[in-house]
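This report is meant for a reader who is meeting the structure for the first time. Please look through the sequence and the model before reading on.

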Amino acid sequence: MNRIARAGLVFVSLAAFVSAADAPAPFSGTLTPAERDRLGLAALTPAQLAALDAAVAAYSRGEKTAAVQQAVAQATRAAEEKAALALRAAEQQAAAKAQEAEKKAAATAVADYRKKSDPGLVARTLDSLTRKQDEAPRPRFKATVVGEFRGWSGGTYFALTDGQVWRQTGTETYELPPAQNAEVEIYQSANGYWRLAHAGAWITVKRVQ
């Protein structure tokens, strides 16, 4: 190789080195990580990012070609796909939560129904009501029979000094020596019937006045 050819080769190599040193940094390299994320560039692949840098460089040189438009479209499509994936994940999570809430509500409804339909629960409730009725105080009072009292002999009437009149509903007979102004006790039994008691004996009676 002659001297002129060697000089030309050195000049070309030096020009290429200077051009590479003076070349501006790619567009993506001038951005911070936060700026990349805000612009949706974090989701791009290295190849897509390189294409975007090339498009921006070409645009800055006034070369808005089809390649530039394609790079921009790829970046936009990647950002839209990322947003769609995020939206789909949010919708799936919301649907899962709603389904779980429906399952819990159904389980609670079934449990409540079983409790109400439990024969044992019904029996216990009736037993509790019966005990309350048995334990509740029942009307009971003492009274004086007007005039002569001889006991009872079926359908006997008993006029009391307070104006009440009671009648024997059965046919039982219980004869006593005549007594004036005899004291009797009238009370309501557990089954709701009224009794008239005297001297350890009692009969079922009904008030007629």
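Which residues does Thr156 touch, not counting residues up to four places away in sequence? With contact taken as heavy atoms within 4.5 Å, Thr156 touches Gly151, Trp166, Arg167 and Gln168. Thr156 itself lies in the loop between strand E2 (148-152) and strand E3 (157-159), where helices (H or I, at least four residues) and strands (E, at least two) are DSSP runs numbered from the N terminus. Thr156 counts as buried because its relative accessibility is 17%; buried means under 20% relative accessible area, exposed over 50% and partly exposed in between, computed with a 1.4 Å probe on protein chains only.

## How to read the model

The model is predicted, and local features need pLDDT of at least 70, side-chain atom pairs count only at pLDDT 80 or more, while totals for chains, interfaces and linings use all residues. Residues are numbered from 1 along each chain as its sequence is written, and side-chain values use heavy atoms, with hydrogens and water left out.

## Helix H3

Helix H3 covers residues 46-60, and its 15 residues should span 21 Å at 1.5 Å a residue, which agrees with the 21 Å between its end C-alpha atoms. The expected span is 1.5 Å times one less than the number of residues. In H3, the residues Leu49, Leu52, Asp53, Ala55 and Ala58 are buried. An α-helix has 3.6 residues a turn, so residues three or four places apart point the same way.

## Aromatic pairs

A search of the whole structure finds four aromatic pairs, a pair being rings of Phe, Tyr and Trp (its six-membered ring) whose centres lie within 6.5 Å, with planes under 30 degrees apart counted as stacked, over 60 as edge-to-face and the rest as tilted. One of them joins Trp152 and Tyr174, whose ring centres are 5.0 Å apart and whose planes stand at 35 degrees, so this pair is tilted. Because Trp152 lies in strand E2 and Tyr174 in strand E5, the pair ties together parts that are 22 residues apart in sequence. Trp152 is buried, with a relative accessible area of 3%, whereas Tyr174 is partly exposed at 26%.

Trp166 and Trp194 form another tilted pair, with 5.5 Å from centre to centre and 55 degrees between the planes. Trp166 lies in strand E4 (residues 165-168) and Trp194 in strand E7, so the pair ties together parts that are 28 residues apart in sequence. Trp166 is buried, with a relative accessible area of 3%, while Trp194 counts as partly exposed at 25%.

## Nonpolar cores

The largest nonpolar core has 14 residues, and those with the most contacts inside it are Phe149, Trp152, Phe158, Leu160, Leu196, Ile203 and Val205. Such a core is a set of buried Ala, Val, Leu, Ile, Met, Phe, Trp, Tyr and Cys residues joined through side-chain atoms within 4.5 Å. Strands E2, E6 and E8 each supply at least two residues of this core, and E8 gives the most, with three residues. Apart from this core lies another, of seven residues, among them Leu41, Leu44, Leu49 and Ala78.

Phe149, Trp152 and Phe158 also belong, with Tyr174, to one aromatic cluster. Not counting residues up to four places away in sequence, the residues that Trp152 touches include Phe158, Leu196 and Ile203.

## Charged side chains

The structure holds three salt bridges, each a side-chain nitrogen of Lys or Arg within 4 Å of a carboxyl oxygen of Asp or Glu. Lys82 forms one of them with Asp37, the closest N and O atoms being 3.9 Å apart. Since Lys82 lies in helix H4 (residues 66-117) and Asp37 in helix H2 (residues 33-38), the pair ties together parts that are 45 residues apart in sequence.

Glu185 and Arg140 meet in a salt bridge at 3.2 Å, N to O. Arg140 also lies over the face of Tyr187, at 4.3 Å from the ring centre; a charge sits over a ring if NZ of Lys or CZ of Arg is within 6 Å of the ring centre and within 35 degrees of the ring normal. Arg140 is exposed, with a relative accessible area of 52%, whereas Glu185 counts as partly exposed at 22%.
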